[in-house]
Amino acid sequence: QHAKPSPCLQYAITATMNMKSDKNATGQIAFAVGLLAGSIATLLLTTSRKNKTQDADAPQTSRNDAAQSTQTMPDEIRSEMLSRNSLYFESSNGIPNITNSCVLVVGLGGVGSHTAHMLARSGVKYLRLVDFDQVTLSSLNRHAVATLKDVGLPKVTVLCNHLRQICPDESRLILDPVVKMYTGDRERDGTMMDPPDGVKQWDLVIDAIDDVPTKAHLISYCAKLDIRVISCMGAAGKSDPTRVHISDLRSASRDPLATAVRQRLRMLAKKEAKESGEKITNGSGVSNGGWISCVDDDSKLAVVFSSEKVVAKLADITDEQKEEGMHNFGAVDNMRVRVLPVVGTMPAIMGQALAAMALCELGGKPFSPVGAERVGRNIRHKLYQHLRTREKKLQDKLTPTLKEGSENYTTSGTYIGAIQIDPDDVEYLMAELWKNKCAVSGSRLGTVLELYRWDMTKPATPNNLVLMSAKSAHKFEKDFEKLGDGRKGVDDECRARVEKRLRMCVLDAEDE
């Protein structure tokens, strides 16, 4: 007696039949045979457990049907491929968002190839992959998928060929290869930056460019259109994985590429402000912040960087380069010529970090990266004690105004009572939630920072405590006394940003 084949088994059988006639499909046949064996084992186990048999023979499949089935991946197979991700994003129901997302990846070298590879494996539906370069022998130490036979081929082509083997169904993984250099010039770039037809805007842009001018142009372009960007800084000359961080661009320390990009962005902002007649403030942009505010806002531009000091220098200029002229050795005009020393693990780690942040944001389960600076024990204890003392004084002052029958609420609605955090929570609040800077003004360590309750009608819990500079805190307290709510003295944009950040406060994954 024969059991009716499952969709997985049918897919494996027809894929094997279809590929046997292809002399160059040895690897694909091996994949199909393995899938076939696994499907048969699953079918036998299921049949044994259910102890059921069927009298009808399995229907025969024609070769035409087999050829067609290789173009469409059954739901059962796709579901199993993404099953582990589905479990992770179950609480946010994030998989549908990922499998319907559109992502642009610019730069497919050691960093970008790993990012794009993982995005495709994780179910992203539409990937536009942009790179002008070819695979070289020296890039094999860090590229995600390239092999010796790929040397000389475009990186875009090599990556697309590999990703198509992972998901052959073109309706589930749409690959849009662009073998071209991004320049920031609309006429030269054409429609490269335009989202797919029928899509209003990119869900994410991944910046894995290692050239300063084009990197700055890409970031400024996205900032002006309010497109979310996750960018990678320098991976060369470094090797310590414990020094990799994610932050806003201004916080990226000990990273020469980050420094150069910040300077180039400021230069672009000043130039545009001067041309439009807008006022320049603090040398960092136009008076209202403009698009250059992305440098300080990791919700607009997040960067992956290493705080490790560069431990290997660029390769020396050769006598041949000196004799013939450096301009004759670049892959394209105006790009670096000297060779960067790269340990292959670092680009892979940073590329995976880009992919992790991208997937968690797409899946509705974003994380809040730990800041690069650690908060010392003395500072943590000091902030904790100051908060507790300040809240105790407020409680003593307002206790006579408690509502009748209430232990915590005054007649004006203000909550009074003990703070509901411990000293260990202070580091999370400072480094992870508020990134060691004032939530209102953006001032950083070096100024006096304190934790203050944001909504005075609620207790001092982690998701109601905001880090403020002394100046901002003084104004906040004055506005509380004058207006009854310190938040009323904060502009609407700042208030929305602070409250969005407070909603991200998670001290324990079990509490989600």
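This is a predicted model: local features need pLDDT of at least 70, side-chain atom pairs count only at pLDDT 80 or more; totals for chains, interfaces and linings use all residues.
Trainee: What share of the residues counts as buried?

Mentor: "Buried" means under 20% relative accessible area, "exposed" means over 50%, and "partly exposed" is in between (1.4 Å probe, protein chains only). Of the 512 residues in the protein chain, 44% count as buried.

Trainee: And how many helices and strands does the protein chain have?

Mentor: Both are DSSP runs numbered from the N terminus: helices are H or I with at least four residues, strands are E with at least two. The protein chain has 17 helices and 9 strands.

Trainee: Let's pick strand β1. Which of its residues lie on each side?

Mentor: C102, L104 and V106 are on one side, V103 and V105 on the other, and all are buried.

Trainee: How many bridges join β1 to β2, and how many to β4?

Mentor: Two strands pair if DSSP finds at least two bridges between them. β1 has 5 bridges to β2 (residues 126–130), and these strands run parallel. On the way from β1 to β2 the chain passes through helix α7 (residues 112–121), and this β-α-β crossover is right-handed. Right-handed means that, with the strands pointing away from the viewer, the path from the first strand over the helix to the second runs clockwise. For β4 (residues 204–207) there are 4 bridges to β1, again parallel.

Trainee: What about rings? How many aromatic pairs are there?

Mentor: Rings of Phe, Tyr and Trp (its six-membered ring) pair if their centres lie within 6.5 Å; planes under 30 degrees apart are stacked, over 60 edge-to-face, and the rest tilted. The whole structure has 4 aromatic pairs. One of them is Y126 with W202, a tilted pair at 6.1 Å centre to centre and 55 degrees between the planes. Y126 lies in β2 and W202 in the loop between α9 (186–189) and β4, so the pair ties together parts 76 residues apart in sequence. Both Y126 and W202 are buried. Y409 and Y415 make an edge-to-face pair, 5.4 Å centre to centre with 80 degrees between the planes.

Trainee: Is Y409 buried or partly exposed?

Mentor: Y409 counts as partly exposed because its relative accessibility is 34%, while Y415, at 10%, counts as buried.

Trainee: Which residue lies over the face of Y88?

Mentor: A charge sits over a ring if NZ of Lys or CZ of Arg is within 6 Å of the ring centre and within 35 degrees of the ring normal. K365 lies over the face of Y88, 4.2 Å from the ring centre. R390 lies over Y452's face, at 3.8 Å from the ring centre.

Note on methods. Residues are numbered from 1 along each chain as its sequence is written. Side-chain values use heavy atoms; hydrogens and water are left out.
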